[in-house]
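Open the model in your viewer and keep the selection tool at hand.

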Amino acid sequence: MSFDTTEHNRQRFCFDGIESVWLFGYGSLIYKVDFPFLEQRPATIEGWVRRFWQGSHDHRGTPEAPGRVVTLVEQPGARCKGMAYRIAPAVFEQLDVREKNGYLRFATDLIFDDESRAEGLVYIATEDNAAFLGPAHDSDIARQIAVSCGPSGRNDEYLLKLAEALRHLGDDDPHVFAIESAIESAIESAIKGAIEGFQS
Ligand code: SIN
């Protein structure tokens, strides 16, 4: 599949006669809410885990030096916590452009914190998209995130804001928090190295 999924997404669902749709956000859509919504509720989806396995050529990296952003990977029994937004279908015009680097919209069941449920959509970058990077060791992912930067800013800002937002939601995501710790240690040792270099 090509890098730009905008057209694929436009053809995927027909929203005729539909006033609003639930969208589940699990990455930057949790903390960077630059789109209009009618309602916002914390929610969970089942059978998926969040992973920093998707390359970012257009937001937190460049085609020559991609950053890493999150996608969802199927894992039976897993639960992924995020934020659901009830939006007007027209909002997908702008969201499809924002999520164009490999993400496709899929239908999913949402479970809200009061255990009520609704059908919604979620953007997932599957492993057959051209920007998919796949698994790597936490420390390698952290190193790549620490040095990457793109038109939307630094890649480590994406990670740190996501970790903060997940804490705020009361989520314990070992993958995200392990990479956050690895980045913090890398920053600490870089500062220590700079101080030692200055003192010698
Ligand atoms: C999402 O947040 O739901 C999709 C991935 C991203 O934009 O970071």
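A crossing is left-handed if the near helix is turned anticlockwise from the far one by less than a right angle, and right-handed if clockwise. Helices (H or I, at least four residues) and strands (E, at least two) are DSSP runs, numbered from the N terminus. This is a predicted model: local features need pLDDT of at least 70, side-chain atom pairs count only at pLDDT 80 or more, and totals for chains, interfaces and linings use all residues. Numbering starts from 1 along each chain as its sequence is written, and side-chain values use heavy atoms, with hydrogens and water left out.

**Stop one: H4 and H6.** Select residues 138-147 for helix H4 and 174-199 for helix H6. The crossing of H4 past H6 is right-handed. Their axes lie 9 Å apart, at an angle of about 65 degrees. Axes are lines fitted to C-alpha atoms, for helices over the stretch in contact; angles run from 0 to 180 degrees between N-to-C directions. Now show the side chains in contact (heavy atoms within 4.5 Å). H4 brings Asp138, Ile141, Ala142, Ile145 and Ala146; H6 brings His175, Ala178, Ile179, Ala182 and Ile183.

**Stop two: H4 and H5.** Gln144, Ile145 and Ala146 of H4 meet Asn155, Asp156 and Leu159 of H5.

**Stop three: the ligand.** Which residues are around the ligand? Select Phe24, Gly25, Tyr26, Gly27, Ser28, Leu29, Val70, Glu99, Tyr103 and Tyr158. Each has a heavy atom within 4 Å of the ligand. Zoom in on the backbone. A backbone N or O atom of Gly27 is 2.8 Å from a ligand oxygen. A polar backbone atom of Ser28 also lies 2.8 Å from an oxygen atom of the ligand. For Leu29, the distance from a backbone N or O atom to a ligand oxygen is 2.9 Å.

**Stop four: Ala118.** Select strand S5, residues 117-124, and find Ala118 in it. Beyond four places away in sequence, Ala118 touches Trp22, Thr108, Asp109, Leu110 and Phe112.

Technical notes
A polar contact is a pair of N or O atoms within 3.5 Å; within protein, one must be able to donate a hydrogen and the other to accept it, and residues adjacent in sequence count only if both atoms are side-chain atoms.
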